[in-house]
Amino acid sequence: FKYSDITFNPFSHLDKLSSAPRRQRWTDKQLANFIKRADELGFPSIGRCALMCMELMQRPGDILSLTWDAYQHVDRVWHIRQSKRGAVVRIPETRRLRVAMDNVRRKQRRSVGGRNSMLVCPTVTGKKWHRRNFTKAVRRIARVAGLPDDLQIRDLRRTAATEGACAGATPAEMMAVGGWTNPASIRPYLVQTREQAAAFQRKRDSYRKLTI
């Protein structure tokens, strides 16, 4: 055959193939059970990391790199420099995170005194988690907690974003917490929910009361 007979290069689009966006998200019950099992198995820092991923809407890697110096006690705000794009976000704690972390902070202050550069979610030796060891520990906790195999700790960022959208957060508000610079970047993190559909219908009913 002749090269002139070839009208399509089968390898031209290989680098354009991409997997479908993830849609998994955690329930409050799954998160609470994961944190409980993490404590029971001797991995409290991993349970803490999961809670912070959810409440601060951040990636696990950025939470694992956090030190206590990143927390401002007066304003109750976490200063986080994201590793992916270098964005700096300043995020107040939710009520749930504040309650959980106050006890941890008290213990931390008693042991070392005041603010310091120690990791917030370290290994038992005080060092930063190696990615492989962290992943293995998370999987072990998840199995004991009875979580689905396809549910990952990184899905907590998506779960938080979806919860924020359901609560009525504006794109600007979500960008301020998530570190996104473009509203379009939020879209892959959002999962369509029944709550959103119900809110849409409630708004239509309210509108009709004013116009009919």
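Is Met-57 buried or exposed? At 7% relative accessibility, Met-57 counts as buried, where buried means under 20% relative accessible area, exposed means over 50% and partly exposed lies in between, with a 1.4 Å probe and protein chains only. Before I continue, please note that this is a predicted model, in which local features need pLDDT of at least 70, side-chain atom pairs count only at pLDDT 80 or more, and totals for chains, interfaces and linings use all residues. Residues are numbered from 1 along each chain as its sequence is written, and side-chain values use heavy atoms, with hydrogens and water left out.

Let me stay with the backbone. Most residues other than glycine have a negative phi. Met-57, although not a glycine, has a positive phi of about 55°. Met-57 belongs to the loop between helix 2 (44–56) and helix 3 (60–64). Helices (H or I, at least four residues) and strands (E, at least two) are DSSP runs, numbered from the N terminus. Arg-76, also a residue other than glycine, has a positive phi near 55°. Arg-76 is placed in the loop between strand 1 (71–72) and strand 2 (77–81). With a relative accessible area of 31%, Arg-76 is partly exposed.

I turn now to the aromatic rings. Rings of Phe, Tyr and Trp (its six-membered ring) pair if their centres lie within 6.5 Å; planes under 30 degrees apart count as stacked, over 60 as edge-to-face and the rest as tilted. By this rule there are six aromatic pairs. In one of them, the ring centres of Trp-129 and Phe-134 are 6.1 Å apart and the planes stand at 65°, so the pair is edge-to-face. Both partners are buried: Trp-129 has 13% relative accessibility, and Phe-134 has a relative accessible area of 6%. Together with Phe-43, Trp-129 and Phe-134 form one aromatic cluster.

Rings also meet charges here. A charge sits over a ring if NZ of Lys or CZ of Arg is within 6 Å of the ring centre and within 35 degrees of the ring normal. The charged end of Arg-105 sits over the ring of Tyr-71, 4.1 Å from its centre. Likewise, Arg-157 lies over the face of Tyr-189, at 5.0 Å from the ring centre.

Finally, which residues does Thr-159 contact, leaving aside its neighbours within four places in sequence? They are Arg-25, Trp-26 and Met-54, where contact means heavy atoms within 4.5 Å. Thr-159 is part of helix 6 (residues 155–166) and is buried, with a relative accessible area of 5%.
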